[in-house]
Amino acid sequence: LGQVAESEVVMGVDFGTSSTKVAIRDVDRQLTFPVHFPTESGNQSQITPTALYLTNGSARLQGVGEPIDDIKIRALKTGSDDRSLAICVAYLALIIRFSRGQLWRRYSSNFLRRELKWRFHFGIPASNVRDFPVRDRYLSICRAAILLSSCKSEEIDLEQAADLYRQRTTDDGTEVAFGQANQDIQSTFYGSGEYFRKEGV
């Protein structure tokens, strides 16, 4: 009575060119929870378009604004620009935040009195990502997105996304940025920047 158990959960993100799918795995209980996204028709789907909307330098998954697609291709191609990288970070941060929220809205009764320790699996989205330079860039994008996903507003500022990405491109920078993250994010990775860097993604 009164004790809180630690449990490991894994968010799996299938980041595709045209659509994205997410599932969350409760490792201890061997249960998988699919994430459902709202559709334009008002229904729900287990896939969501790999797209977002920009308004005044801020990104959101739905709503009005400049529509942006080809997010993965632009970010992972040779010579991708800072804006494309920031858009990719912002998109994945919004997906992570929405998915984590879905876990609590739909499945919270499964996690009563449990402190969750997170790991993230991001699917290799294209064969060329197995090349080390592109693979390292993809890891930096994903790590930046995780830290950015803790912001409270519905939108994500692209300048903030770009700054976080740049800081993520070195091991030292990643651990410094982790140390500056909010307490909720730090606790989900045992308060360890090294764990976040080596095991978190």
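Predicted model: local features only at pLDDT ≥ 70, side-chain atom pairs only at ≥ 80, totals over all residues.
Let me begin with a definition: a residue counts as buried when its relative accessible area is under 20%, as exposed when it is over 50%, and as partly exposed in between, using a 1.4 Å probe and protein chains only. Arg83, for example, is partly exposed on that scale, because its relative accessible area is 40%.

Residues are numbered from 1 along each chain as its sequence is written, and side-chain values use heavy atoms, with hydrogens and water left out.

I will start with the chain as a whole. Its secondary structure comes to 7 helices and 11 strands, where helices (H or I, at least four residues) and strands (E, at least two) are DSSP runs numbered from the N terminus. The C-alpha atoms fill a box of roughly 55 × 45 × 35 Å, taken along the principal axes. For 201 residues, a compact globule would have a radius of gyration near 17 Å, and the 16 Å of this chain agrees with that; the radius is taken over C-alpha atoms, and the globule rule is 2.2 Å times the number of residues to the power 0.38. Of the 201 residues, 47% count as buried. If we take contacts (heavy atoms within 4.5 Å) between residues at least 6 apart in sequence, 61% of them join residues at least 24 apart.

Now to the charged side chains. A salt bridge here is a side-chain nitrogen of Lys or Arg within 4 Å of a carboxyl oxygen of Asp or Glu, and by this rule the count comes to 12 salt bridges. One of them joins Asp28 and Arg114, with 3.9 Å from N to O. Because Asp28 lies in the loop between β2 (19-26) and β3 (31-34) and Arg114 in strand β10 (residues 114-122), this pair ties together parts that are 86 residues apart in sequence. Asp28 is partly exposed at 47% relative accessible area, whereas Arg114 is buried at 12%. The pair also belongs to a network of salt bridges that links Asp26, Asp28 and Arg114.

A second bridge brings us back to Arg83, whose side chain meets that of Glu66 at 3.6 Å, N to O. Glu66 lies in strand β9 (residues 66-68) and Arg83 in helix α2 (residues 82-107), so the parts tied together here are 17 residues apart in sequence. Glu66 is partly exposed, with a relative accessible area of 42%.

Which side chain of opposite charge is nearest to Arg137? It is Asp82, but at 9.3 Å, and Arg137 is buried yet has no salt bridge; in this count Lys and Arg are positive and Asp and Glu negative, with His and the chain ends not counted. Arg137 has its place in helix α3 (residues 132-148). A polar atom of its side chain lies 3.4 Å from the backbone oxygen of Leu76. Leaving aside residues up to four places away in sequence, Arg137 touches Ala75, Leu76, Lys77, Ser80, Leu85 and Tyr165.

Finally, two places in the backbone. Asn56 is not a glycine, and its phi is positive, near 50°; Asn56 sits in the loop between β7 (52-55) and β8 (58-60) and counts as exposed at 77% relative accessibility. Asp70, also not a glycine, has a positive phi of about 55°. Asp70 lies in the loop between β9 and α1 (71-76), and is partly exposed, with a relative accessible area of 35%.

Technical notes:
Polar contact = N/O pair within 3.5 Å; in protein donor to acceptor, adjacent residues only side chain to side chain.
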